[in-house]
Amino acid sequence: MQLKNYQNKAIKKLVSRSEELLEQSGQGKLVFKSPTGSGKTIVTAEFLKQLVSSRNIKNPLSFIWTAPRSLHLQSKEKLEKYYEKSKALNCSTFEDLIERHIPENEILFLNWESINKKNKNTIVKENEKDFYLGKIIENTIDEGNDIILIIDESHHHATSDISKNLITDINPKLTIEVSATPITLNPDEIVSVKLEDVKIDGMIKKSIILNPNLKNALMNNKINSTLSEGTDAIVLKEALNKRLELKKNYEKNKIDVNPLLLIQLPDKKTKQDELIKQEVTKILRDEYSITKENGKLSFYLSEQKENLENISINNNKTEVLIFKQAIALGWDCPRAQILVLFRDWKSLTFSVQTVGRIMRMPEPELGHYKIELLNHGFVFTNLSNIEVKEDIARDYINIYSSKRINKYKSIKLISVYQFRQREKTRLSSKFVKIFLDVACDYSLEKRIKIKNQKFNQTIISDFKSEDLDSLNETKITGNFQFNTKNENDLQKLFDFFIKNQLSPFYPEERSIGRLKEAIYNFFNLKLNMDYQYKFLEIISIILSEANVNHFINTIDIAKEKYISVTKEKKNKLQKISEWEIPELLNFNQNHEELQAVKSAMQPFYYDNRWKPEKAFINLLEKSKEIVWWFKNGESDGTFFAIPYEINNETKPFYVDFIVLFKNNKIGLFDTKSGRTITDSKEKSDGLQKYINKHKGFIGGIVTNTNPKDFSGRWIYYNNKGKDIVLNDYSNWEQLHI
């Protein structure tokens, strides 16, 4: 997968902060805080790769990677796969260290518990063979290597006294603690990834919704739900119905994902725990035909592991998995979308860690789906008195649901939204056509020489002098000799050429593939040369001294045109021809219920952030002229927006309120106060342009002449934005509602 923008930013910071700490005397401590589902392991893998190749690192680096339970083996497997082509670092277990030290650019993976128990069965115990952790570390330092200790999921163990002593014994030059919820005190540096950035890039779901369509209440920081009065069977029924709804939406939109429902049992094993498992298994079998025999039910328990093979594949047939958190630490199954917790938990503190297993998007390379339902995870529970932890979970977990009123009639508004473009950092399939068009305009076919072409020696010399990890599997050094008739050598050389032509685009595999595809298509369409059969000849033509600059010129022109086209597209908003008020909205505990009988959404939940908005709601509630009003939101295509121009760019303007009057006119109003009025000139023009273009609309920027207590006149602005003057209401209209 291509690294996301927030991941590249985090990697850059991790490298620079580590370089600084390694330069200093003594030991350094760096915390990498990144939300569950953000790809912490891959970010750390790429960070280590870039760190070992940094020119600012003076001493050789050796690494120890620790993690709780069996997570270190999962991490080792991921990193081995990540380094499979580049061979940037080696991954090993303790038994692999036959030379009695950790070599340069090698990562030793250890289970934290195994080095946290000082007994004869562990690797920390001294022995006559001098093959124990203390001696390995001593030998590594004697080799002149700096040791970097990575503590994965550090919140589990890094702060205990025993752990602190072990860190002291390991004596790392730099300790890097990795966690979604670190608890380390006084680190030297912290690199953080924001949850919102991870959501924006579509790596994780937009929110987790608790007991959807059911009444939840928050009292004294504890959540109570009407479902708390229901049996386990009722909870399971609600969850399975939601799974079926999700499945139908995936199928309807031809998305090959089978959503997985998770039933999580408490870690502590009791007789009640076994009875619940038996009861649930019986209900699933008798009422829903979900059994382990037909492959639709899986178990991930210490005493029972069944039907787990390929369960993480998006279209795997397993529909329900019964598991325990202790076993599943670090387990990754992005198609998991529903979590069930029965009341045998007794009590639960709701945090992002709790819902971590259902946060990931099943196709993160595609980001969020156009079908809003599929962008959320769901928790069903009959627990009472659920506490929401005071962390990012407060903003991420939705506990309230609001439904559109029954008397609502279709309004079919034309709306816009900004669709997130990924072409900015990588080449999409559009580049292939652009390249072919540019090649035609440039007359590339006529300019290049075809027969008896030989390689440009400058390119070969440049390649050899780089001394870098090739895009293929071999590390190329200065004395590497090319066989110009060997297809593997030619492929490496061609990859090197392509990589060097990609700037300013990130040289990731997908972009490299796009540029190759464009060139191969040119040869196939214009010269009738299929690269599958004439690969050697094609590469010789491209990289020959007579032709290489013509290909470079064509690529450069194509990149410029591609950037121009995608920039233009970025400015163009996506259009929704028949936007309607959402049928259902969900809110987190930063909101509270507000009595509002004319709200189009019931119950009405509000965050109390803006006094002008609340004052305007009071006005709407008293009006005898309106049928309903809707408090708009500010995200994607879910909410209503009109286009406006600012700094030669078209942006979406999410108007605060949509109002339906009894005369069937629709009012669009955006509340402003004080200096924010004069800051809204462009938005005002966009709003008036929309109102004038469509029949049956009124509205504009709206304010109160007494912004202190809103006891003045309510007025709105429907003139040109340039004529707005602070504290001058002479060209405003009286609002009669």
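**Exercise 1.** At what angle do the axes of helix H10 and helix H14 cross, and within what distance do they come?

*Solution.* The model is predicted: local features require pLDDT of at least 70 and side-chain atom pairs pLDDT 80 or more, while totals for chains, interfaces and linings use all residues. Residues are numbered from 1 along each chain as its sequence is written, and side-chain values use heavy atoms, leaving out hydrogens and water.

Step 1. Helices are DSSP runs (H or I) of at least four residues and strands (E) of at least two, numbered from the N terminus. Axes are lines fitted to C-alpha atoms, for helices over the stretch in contact, with angles from 0 to 180 degrees between N-to-C directions.

Step 2. H10 (residues 430–442) and H14 (residues 509–527) have axes that come within 9 Å and cross at roughly 45°. H10 is therefore oblique to H14; angles under 35 degrees count as roughly parallel, over 145 as roughly antiparallel, 65 to 115 as roughly perpendicular and the rest as oblique.

Step 3. Contact means heavy atoms within 4.5 Å. On the H10 side the contact residues include Phe-431 and Phe-435, and on the H14 side they include Arg-514 and Phe-522. The contact divides into 10 nonpolar residues, one polar and two charged. Here Ala, Val, Leu, Ile, Met, Phe, Trp, Tyr, Cys and Pro count as nonpolar, Asp, Glu, Lys and Arg as charged, and the others, Gly among them, as polar.

**Exercise 2.** Describe the packing of helix H2 against helix H3.

*Solution.* Step 1. The axes of H2 (residues 40–52) and H3 (residues 71–82) lie 10 Å apart, at an angle of about 50°. The two helices are therefore oblique to each other.

Step 1. Thr-41, Ile-42, Ala-45 and Glu-46 of H2 meet Lys-78, Leu-79 and Tyr-82 of H3. These residues comprise four nonpolar, one polar and two charged.

**Exercise 3.** Classify the ring pair of Tyr-250 and Tyr-369.

*Solution.* Step 1. Rings of Phe, Tyr and Trp (its six-membered ring) pair if their centres lie within 6.5 Å; planes under 30 degrees apart count as stacked, over 60 as edge-to-face and the rest as tilted.

Step 1. The ring centres of Tyr-250 and Tyr-369 are 6.0 Å apart and the planes stand at 85°, so the pair is edge-to-face.

Step 2. Tyr-250 belongs to helix H7 (residues 232–252) and Tyr-369 to the loop between strands E16 (349–350) and E17 (376–381), so the pair ties together parts 119 residues apart in sequence.
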